[in-house]
Amino acid sequence: MKKLLTILFLSISAIKGVSAQTPTEKQSCNLSKSGLAIDGYDPVAYFTTGKPVEGKKEYALTVDGISYQFSTPQNKELFRANPTRYKPQYGGWCAYAMGASGEKVDVDPETFKIINGKLYLFYNKFFNNTLKSWNKDETGLKTKADANWVKTNH
């Protein structure tokens with residue numbers, strides 16, 4: 001009986017170990033080399049001002065191991081109260097690329113769209129603004145991006 005309990009315990013421990021190997025939110029996020037989300041842009045400003053605004057170091061906040069910067073102390077507090085509302089979708093990776101191919105592609109924090117109260121960021125470099133492509137098939141790409149994001153993070 002003691003042997004059976006030991007085997008059961010080890011089996012449960014092994015299963016827990018496997019489930020712990022799914023990526024953490026920090027591991028799946030698009031972070032700058034300095035470890036900042038959205039290259040230091042204020043995630044709340046997209047909603048409050050309707051445009052991208054660079055955050056300031058003195059208004060930094062770390063949530064779930066991810067560092068964000070804010071342009072005002074008020075925005076920092078809004079984020080602290082409800083981070084899920086302001087975090088960019090798909091970990092801050094390009095929404096178009098996530099929908100088109102399931103790839104994690106870097107973004108230009110100044111190329112964004114708010115859809116149903118959620119922030120989506122897009123790649124926009126070398127004459128390739130993926131927001132324009134996204135707008136041509138937003139519904140289809142968003143459906144695919146949602147499914148691809150789940151696949152790449154579980």
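How many bridges join strand E1 (residues 56-63) to E2? In this predicted model, the count is five, and the two strands run antiparallel. One place to look is lysine 56, which stands opposite phenylalanine 70 in E2. E1 and E2 form a hairpin, with two residues between them. In that turn, aspartate 64 has a positive phi of about 55 degrees. Strand E2 spans residues 66-70, and four of its five residues are buried, so E2 is largely enclosed by the rest of the structure.

Nine aromatic pairs are counted here. One of them joins tyrosine 46 and phenylalanine 112: the ring centres lie 4.8 Å apart and the planes meet at 65 degrees, which is over the 60 degrees needed, so this pair is edge-to-face. Tyrosine 46 belongs to helix H3 (residues 45-48) and phenylalanine 112 to strand E3 (residues 108-115), so the contact ties together parts that are 66 residues apart in sequence. Tyrosine 46 is buried, with a relative accessible area of 1%. Phenylalanine 112, at 19%, is buried too, because the cut-off is under 20%.

Another aromatic pair is formed by phenylalanine 79 and tyrosine 86. With 6.4 Å from centre to centre and 35 degrees between the planes, this pair is tilted. Both phenylalanine 79 and tyrosine 86 are buried. These two residues also belong to one aromatic cluster, together with Phe47, Tyr68 and Phe70.

Definitions and conventions
Residues are numbered from 1 along each chain as its sequence is written. This is a predicted model: local features need pLDDT of at least 70, side-chain atom pairs count only at pLDDT 80 or more; totals for chains, interfaces and linings use all residues. Side-chain values use heavy atoms; hydrogens and water are left out. Buried means under 20% relative accessible area, exposed over 50%, partly exposed in between (1.4 Å probe, protein chains only). Two strands pair if DSSP finds at least two bridges between them. Rings of Phe, Tyr and Trp (its six-membered ring) pair if their centres lie within 6.5 Å; planes under 30 degrees apart count as stacked, over 60 as edge-to-face and the rest as tilted.
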